[in-house]
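I opened a new structure today and kept a few notes as I went. Here they are, in the order I looked things up.

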Amino acid sequence: MMSSILKKNAEGCVHIKVPSGMEQRSSNALQRLLGVMPEVSPERLMIKFDSGLKEEIHDHIKDALRAWGGPGTWTVGNFGNVRVGPNERRSDVSFFRNKPAAPQRAFPLGSAAKGIAPVGAPILWLEVAFPGDRDAALYKITHEVQINDPNCATAIVVVPDEPTQTARDRMAYGAPAAPTIPAPAVVGGRPRSGAYVGYWPPRSNGPPPNATWVKVRRGQHVDIPIPGGPPHSFQLDFDLIVRAYRP
């Protein structure tokens, strides 16, 4: 029976189909599930297994956003607070201009019974992807987050999935550069191989925005504009990400 319920897909996710009649439809149940599950819908649970390498990259980016944002802002990872129809989605990294109150952080979807308003969308939603799950991350950004939260800036960081010598060479692995220099934008669309960064401005009420693609190497940084954030763009130093690839 479990083999018909559990299904692992190519993106390193396990989908658990909830048997008919056993759906967890109450908001309290969803709140509890969001504490342990990356993505939840009334009929399906999805458990995504991120590697330790990717988690290290998440941590470096979160630390940089906290330093950039300063006091009163809130940077969090693996946080489920965006609703797509009846489903919930989690980001790898989210940046909020104002830190929500403790009850909202405990109940990000809100609770009418407790008088708690939902947290709402961040002003930056960032995904970190390997080549194998890049398309799923791009779909989440362009078909879900940008559609359902038009005031949210979005970004994706695509990196090699193994710390091989080839990956280190591709990112110019070596001593960090100080200061870093801006990485030039790519002409002609998304690069065919990593490492690279793509970012989109908020959609607002207009059509889906076009991405800016930047192929990046050690010693370079990417300036990601985040409307509603501090006055200057967030400078993502690629040297921070390469740290995760050290032997």
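This is a predicted model: local features need pLDDT of at least 70, side-chain atom pairs count only at pLDDT 80 or more; totals for chains, interfaces and linings use all residues.

I began with the surface: the protein exposes about 12000 Å², and carbon and sulfur atoms supply 54% of that. These areas come from the Shrake-Rupley method with a 1.4 Å probe, and for residues only the protein chains shown count as cover.

Residues are numbered from 1 along each chain as its sequence is written, and side-chain values use heavy atoms, leaving out hydrogens and water.

Next I looked up burial. Of the 247 residues, 50% are buried (under 20% relative accessible area; exposed is over 50%, partly exposed in between).

I then listed the secondary structure and found seven helices and 13 strands. Both are DSSP runs numbered from the N terminus, helices (H or I) of at least four residues and strands (E) of at least two.

I picked strand S12 (residues 220–224), where four of the five residues are buried. Strands pair if DSSP finds at least two bridges between them. S12 runs parallel to S9 (residues 181–182), with two bridges; Pro182 has His221 as its partner. On S13 (residues 234–237), four bridges join S12 in an antiparallel way, and Asp223 is partnered by Gln235.

Ile141 is buried, as are others in H5, including Leu138 and Val145.

Conventions. Buried means under 20% relative accessible area, exposed over 50%, partly exposed in between (1.4 Å probe, protein chains only).
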